[in-house]
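Colleague: Could you take me through the salt bridges of this model and the residues that form them?

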Amino acid sequence: MRLCLILASAVLALPAHAQPSFEFSELLNAADVSPAQLSSPSAVAVDPSGNVFVAGAQSNNVFKVAPNGTISEIIDSSGDGNASLMAPTDIAVDTAGRVYVAGNGSSNVFVITPSGTISEIVNANSNGPATLSGAVAVAVDSNFDVYVAGNVSNNAFRITPTGTISEIIDAAGDGSTALAGPLGIAVGPDGNAFVTSGAALSDAVFEITPSGTISVILDQSGDGAGGTLATPSDVTVDSAGNVYVVGQLSHNAFRITPAGSVTEIIDAGGDGGGNPLNTPIDLATDRSSNVYIAGLGSDNAFVVTPSGTISEIIDETGDGAGATLAAPLGVAVSNRGSVFVAGRDSTNVFVPEPGLTALRGLALATLLGLRGLRRQSKPTALQ
């Protein structure tokens, strides 16, 4: 069943104008990885080939689920054999299929190549006096520059493909607003990096340009119309440069346009139909700028469309067939529109797929048939 769903998602993607609709399957759980262990899934990511990566914060490892359903452990607590991996809390992937893992407990970042080579690219003492402590979030841009936020060291670094490491923001923030307890990091299509400041009373989102200019694009005042921001925990950017931020303790999310306009796109009321949003930790966006938000405290996830329609896409009932969802901590979207939700306390990952299973099956059969016709009608070489 899982394999069929994965294959279907690889064939069909939602049209750009479509309203997302979902049904669910459990993609991965603790039993699937035995004898290895998966404990407290903290993050999920998807590469361009459809491989899904899941980090176990308490099991100190990362698993890969291939499109054909094969599950493998790609890194464990031994790290690269010299530097260990402890408490991974975030994963990023680049267009070449490399996987980047932030070790919160080990204060470092690893890269794993598609062939399985593991290397530590930054650690606590990689940048001289500017230390990295509590690597909580990692991101990568189109130039393969890697960004990591230090939750304990109150800073963020950029690591170039050649290995040059530079601190792009420290505890001073922009000079007026301090950076304290960063929780999330992202980079936009223009190379601007965004870092959330999540410690008590800091509540800000910083933008850092490639030239090093630092500014606050969102603070406690939120949208200025009653939607306040408290403990921003994650940030992401869409292809148009819109920035999205979740407020962990304000139970909401905001969109900031490139022009600086701020809109609260969801609040504690959730979908307004009795499904609340509580303690959102993670969010993601797809190619159509639909935003997906996981509610750690409400055991659910929502999609918010660009027009503002809010729908709960999964709740504590999970797949409705016995696999429940508890404390979702990670959410990711593939480049074909498939959404993945990781349940920390339920120790599993769900893939909510677009609906109309029968139509998917028909489309898959049609596509395979067309491929067969193309093969049969391919011209032979001239004799």
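Colleague: How many salt bridges does the structure hold?

Modeller: This is a predicted model, in which local features need pLDDT of at least 70 and side-chain atom pairs count only at pLDDT 80 or more, while totals for chains, interfaces and linings use all residues. Residues are numbered from 1 along each chain as its sequence is written, and side-chain values use heavy atoms, with hydrogens and water left out. Taking a salt bridge as a side-chain nitrogen of Lys or Arg within 4 Å of a carboxyl oxygen of Asp or Glu, the structure holds two.

Colleague: Which residue meets Asp-94 in a salt bridge?

Modeller: Asp-94 lies in the loop between strand E6 (88–93) and strand E7 (99–103), strands being DSSP runs of at least two residues, numbered from the N terminus. Its side chain reaches the backbone nitrogen of Ala-96 at 2.9 Å, and its salt bridge, at 2.8 Å from N to O, is with the side chain of Arg-98.

Colleague: Is Asp-94 buried or exposed?

Modeller: Buried means under 20% relative accessible area, exposed over 50%, and partly exposed in between (1.4 Å probe, protein chains only). Arg-98, at 25%, counts as partly exposed, whereas Asp-94, with a relative accessible area of 3%, is buried.

Colleague: Which residue meets Arg-344 in a salt bridge?

Modeller: Arg-344 counts as partly exposed, at 29% relative accessibility. In its salt bridge the side chains meet at 2.8 Å, N to O, and the partner is Asp-345.

Note on methods: Helix = DSSP H or I, 4+ residues; strand = E, 2+ residues; numbered from the N terminus. Polar contact = N/O pair within 3.5 Å; in protein donor to acceptor, adjacent residues only side chain to side chain.
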